[in-house]
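Dear colleague,

Please find below the structure that I am handing over to you. My notes on what was found in it follow directly after it.

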Amino acid sequence: MTSTYLLYESASGYALFHAHGLDEIGQNTEAVRSSVSDLNRFGKVVKLAAFHPFESALDALKQCNSVSEGLMTDELRSFLEINLPKVKEGKKAKFVLGLAEPKIGSNIFEETKIPCQSNEFVLELLRGVRLHFDKFIKDLKTGDLEKAQLGLGHSYSRAKVKFNVNRVDNMVIQAIFLLDTLDKDINSFSMRVREWYSWHFPELVKIVSDNYLYAKVSKFIEDKSKLAEDKIPALTDIIGDEDKAKEIVEAAKASMGQDLSPIDLINVQQFAQRVMDLSEYRKKLFDYLVAKMNDIAPNLASLIGEVVGARLISHAGSLTNLAKCPSSTLQILGAEKALFRALKTKGNTPKYGLIFHSSFIGRASARNKGRMARYLANKCSIASRIDCFAENSTTTFGEKLREQVEERLDFYDKGIAPRKNIDVMKSAIESADNKATDMDIEEVASEASGKKSKKKKSKASANGEVEDRPSATENGDAKSEKKKKKEKRKLDKETEEEQQQQQASEMLNGEVNGEEEAGKKKKKKKSKEEDHVAAEDSKKKKKKKSKSEDAE
C-alpha cells in the first residue's frame with residue numbers, strides 16, 4: 001500500500017499533510033467532494049505532518065514566483081527531504097506526493113526522484129486542506145492567514161506589473177485614446193472659435209481654412225478696425241503667404257461684421273490661445289506615440305504605421321493579445337458590429353476593420369481590396385508575434401514584410417511575381433544578425449576607445465606633473481619616435497598590399513580550378529550521353545533484326 005502525502009503552498013509557508021485511511025471518506029472524487037466540508041471526517045484522514053513558515057514577505061514572494069514558474073527552491077527541497085520518508089537506492093518509493101501544480105511536480109521528480117501525482121482526487125483533498133487550513137495549525141491566530149494572503153497577493157501582482165517597464169503597451173493604449181479624444185475636442189473647439197470670431201470678422205473664414213492658423217490669426221488681429229498695412233509682414237510670418245495677408249487686410253477694411261467690446265475680444269483671444277495650446281500638445285503626443293511604438297512594436301509600426309498599429313494594440317487589449325490573435329481575427333478587428341449583423345442577417349461578412357486605415361488597402365483596386373486586407377492581416381500577425389516574443393527589437397522584419405506587401409500590390413496591378421516568403425525571411429534573419437554583430441562591434445570599440453582615452457589622460461597628467469619644461473634631447477626623442485611611427489605605417493601598408501595580392505591570386509586560382517572542374521564535368525556528361533545514345537542504337541538494331549527473322 002502506498003501512502004499519500006499532500007504538499008500545500010500557503011501564503012504563510014509550506015505545509016505537508018499525510019493522508020491515511022482514505023477508505024473512510026471514499027476513493028473517488030465525488031465521495032471526497034461530499035466529505036470535504038465535514039472537518040470531523042476529513043480531520044481523521046488528513047493530518048499535518050510538517051509546516052515550514054516563510055521568513056519574510058520577500059521570501060514568500062520569491063517562493064510564490066518559483067512555484068508559479070514550476071521551479072523547486074532550495075528551501076522546498078530541504079523541507080521535502082527532511083519530512084518525507086527516505087527511499088533506499090534501487091527500490092521504489094512506498095509513497096506518493098500530491099500536488100496542485102503538475103509543472104512543479106515534474107521538476108521535483110527530476111531532481112529528487114520523489115514520485116508526484118496531480119489529478120482530480122488530489123485536487124479535492126487539497127481543497128479540503130485549503131478550507132480547514134487554519135484549524136490544522138494551532139498557533140495561527142484568526143485573521144493572520146487572510147493578512148498574509150492579501151499582502152502576498154498585492155506584492156505578487158505588483159511584481160508582475162513591473163515585469164518589463166520599457167515594453168509596457170498600456171502607455172500606447174492610453175496615448176491613442178487621448179489622441180482620438182484630442183482630435184475631436186480640437187475640431188469642435190476650433191469650430192467654436194470660427195463661429196465666435198465670425199460675428200466680428202466673417203470674411204476671415206473663407207481666406208484661412210486651416211483651424212490652427214485661423215486661431216493664430218484671430219489672436220493676432222484682435223480688433224479688425226486696428227488692422228493696417230504695417231501688420232502685413234507679421235501676418236505673412238504667421239500664414240506664410242503674402243498675398244493672403246494682403247487679402248486679409250483688404251477684407252478687414254470692408255468687413256460686414258459687427259463690433260465687439262474689449263471684454264468679448266479678450267475672451268475670444270483666450271479661447272483661441274487654448275485651441276492653439278491643445279494643437280501643440282497634440283503634436284507632442286503624436287511624437288511620444290511614435291517613439292513608444294518604435295520601442296514596443298517596431299516591426300508592426302514600420303509595416304502598417306504607428307497610429308494604425310497602436311489602434312490594433314488598443315483594440316486587442318495588449319500586444320500579447322494581438323500576437324495571440326489569428327490573422328483572420330486581426331483582419332476584422334474593429335468591425336465586430338458589421339460581422340455579427342452579417343451573421344444574423346446571413347449577409348456578406350466585412351472584409352476589413354481597423355486595417356482599412358492603412359495606405360495599402362487604399363492603393364489597391366476595388367476588386368483586390370479584400371485580398372489585400374487578408375494578406376496585410378497575415379503580415380501584421382507575423383510582425384506582432386515577432387515584436388511580442390523576440391528578445392532584441394529590430395525593424396528589419398517589418399521592413400521586409402512591408403516590401404512583401406508592396407510586391408503583392410505590384411502583382412495585383414501589373415502581374416509581377418513576388419518573392420517567396422522563405423527567401424524574404426532568410427534575408428531578414430541574416431540582416432538582423434548582421435545588425436546585431438555591428439552593434440556589438442561598436443560597443444566593444446567604444447569601450448576600448450574610452451579606456452585608451454583614460455590611459456592617455458593619465459599619462460598626460462603624469463608627464464605634466466613630472467616634466468614641466470621639456471629639453472632639447474626630449475624633442476629629439478620625440479622626432480625619432482615620429483620617424484619610427486611613419487616607418488611602421490609604411491610596413492603595415494606594404495604587408496596589407498601583399499595580403500591583398502595573395503587573396504586576389506587565390507581567387508583567380510579558385511576560378512581557374514572551378515572552370516577546369518566544370519569542363520571535366522561537361523566532358524563526363526558528354527561521354528555518358530554518347531554511351532547512352534550508342535546503347536539505344538544497338539537496341540534498335542537488335543529489334544529490327546529480330547523482326548526481319550520473324551518475317552522470314
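**Findings**

Leaving aside residues up to four places away in sequence, Ser 358 touches Ile 304, Val 308 and Leu 376, where contact means heavy atoms within 4.5 Å. Ser 358 lies in the loop between α19 (336-345) and α20 (359-363); helices (H or I, at least four residues) and strands (E, at least two) are DSSP runs, numbered from the N terminus. Ser 358 is buried, with a relative accessible area of 4%. Here buried means under 20% relative accessible area, exposed over 50% and partly exposed in between, with a 1.4 Å probe and protein chains only.

The model is a predicted one, in which local features need pLDDT of at least 70 and side-chain atom pairs count only at pLDDT 80 or more, while totals for chains, interfaces and linings use all residues. Residues are numbered from 1 along each chain as its sequence is written, and side-chain values use heavy atoms, with hydrogens and water left out.

Turning to the sheet, five strands form an open sheet with mixed pairing, in the order β3-β2-β1-β4-β5; two strands pair if DSSP finds at least two bridges between them. β3 (46-53) and β5 (116-117) stand at the edges with a single partner strand each, so one side of each is left without a neighbour in the sheet.

β1 is mostly covered, five of its seven residues being buried. With β2, β1 pairs in the antiparallel sense over six bridges, and a hairpin of three residues joins β1 to β2. Glu 9 has Tyr 14 in β2 as its bridge partner. With β4, β1 runs parallel, joined by four bridges, and Leu 6 stands opposite Gly 98 in β4. Strand β2 (residues 13-19) is in turn joined to β3 by seven bridges, and the two run antiparallel. Phe 17 has Leu 48 in β3 as its bridge partner.

Helix α6 (residues 120-131) packs on the sheet and touches β1, β2, β3, β4 and β5.

Which residues of helix α5 (residues 102-112) are buried? They are Ile 104, Gly 105, Asn 107, Ile 108 and Thr 112. These residues cover an arc of only 165 degrees around the axis, which puts them on the same side of α5; the arc is that of the directions from the helix axis to the C-beta atoms. Pro 102, Lys 103 and Glu 110 are exposed on the other side of α5. The buried residues of α5 pack against α3 (57-68), α4 and β5.

Yours sincerely

Note on methods
Axes are lines fitted to C-alpha atoms, for helices over the stretch in contact, and angles run from 0 to 180 degrees between N-to-C directions.
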